Amino acid sequence: MQLIIVLIVALLLLYFIMAAQFESLWQPIIILLEIPIDIGGALLLLWLFGGTINVMAAIGIVVMSGVIINDSILKIHTINLLRKKGRSMEEAIKEGGKLRLKPILMTSLTTILALTPFLFISGLGAELQKPLALTVIGGMLIGTFISLYFIPLMYYQLSRK
């Protein structure tokens with residue numbers, strides 16, 4: 001019960017910090033909606049490889065969430081900057097996507113490729129490292145596509161209203 005309370009407080013603090021940064025109440029919601037989808041991808045890969053949820057898997061979920069949220073924050077920030085420069089919403093979303101594509105892909109690919117060897121090792125500590133690698137890789141695979149496609153789509157839908 002205490003862990004759930006801590007999680008709720010952490011998400012509320014994250015929301016308020018992002019709301020202050022973006023000077024908007026709806027833009028942080030877009031980013032926070034991404035977290036459950038990414039966790040689902042992390043747990044799916046963990047389940048497919050027969051892993052269990054343990055402390056290392058939880059650490060992997062936290063690490064993966066931080067990286068993916070950072071990608072989404074930067075993408076929305078870029079779109080907001082382009083809109084402040086006078087671009088239309090569609091132009092800002094397209095150009096923001098182009099500007100952030102390489103950094104998001106490089107971040108995701110380097111993380112995934114760096115953790116892939118942990119899936120095939122054996123020996124001392126392998127059982128601890130595998131759940132962490134599985135959750136980070138699974139979440140990053142899903143989260144990269146979410147950052148590239150879902151975030152701009154939700155931005156477009158919510159900013160029109």
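**View 1. The whole chain and its elements.** The protein has 5 helices and 0 strands, where helices (H or I, at least four residues) and strands (E, at least two) are DSSP runs numbered from the N terminus. Read from the N terminus on, the order of the elements is α-α-α-α-α. This is a predicted model, in which local features need pLDDT of at least 70 and side-chain atom pairs count only at pLDDT 80 or more, while totals for chains, interfaces and linings use all residues. Residues are numbered from 1 along each chain as its sequence is written, and side-chain values use heavy atoms, with hydrogens and water left out. The C-alpha trace spans about 55 × 35 × 20 Å along its principal axes. Of the 161 residues, 40% count as buried, a word that stands for under 20% relative accessible area, with exposed meaning over 50% and partly exposed in between (1.4 Å probe, protein chains only). Among the contacts with a separation of 6 or more, 72% join residues 24 or more positions apart, a contact being heavy atoms within 4.5 Å.

**View 2. The largest nonpolar core.** A nonpolar core is a set of buried Ala, Val, Leu, Ile, Met, Phe, Trp, Tyr and Cys residues joined through side-chain atoms within 4.5 Å. The largest one holds 19 residues, of which M18, F22, I30, I31, I73, I76 and Y155 touch the most other members. At least two residues of this core come from each of α1 (2-22), α2 (27-48), α3 (55-84), α4 (89-115) and α5 (126-160), and α3 gives the most, with 5 residues. Apart from its neighbours within four places in sequence, M18 is in contact with P28, I31, L32 and I73. A second, separate core has 15 residues, including I68, I112, L115 and I137.

**View 3. S147 and its surroundings.** S147 is found in helix α5, and with a relative accessible area of 0% S147 is buried. Not counting residues up to four places away in sequence, S147 touches E34, I68, D71, S72, K75, I104 and P152.

**View 4. E23 in the loop between α1 and α2.** E23 is found in the loop between α1 and α2, and its phi is near 55 degrees, which is a positive value in a residue other than glycine. The relative accessibility of E23 is 70%, so this residue counts as exposed.

**View 5. The aromatic pairs.** Rings of Phe, Tyr and Trp (its six-membered ring) pair if their centres lie within 6.5 Å, and planes under 30 degrees apart count as stacked, over 60 as edge-to-face and the rest as tilted. By this rule there are 2 aromatic pairs. Y15 and F16 form an edge-to-face pair, with 5.5 Å centre to centre and 70 degrees between the planes, and Y15 is buried at a relative accessible area of 14%. The rings of W26 and Y155 have their centres 5.5 Å apart and their planes at 50 degrees, so this pair is tilted. Because W26 lies in the loop between α1 and α2 and Y155 in helix α5, the pair ties together parts that are 129 residues apart in sequence. W26 is partly exposed, with a relative accessible area of 28%, whereas Y155 is buried, with a relative accessible area of 1%.
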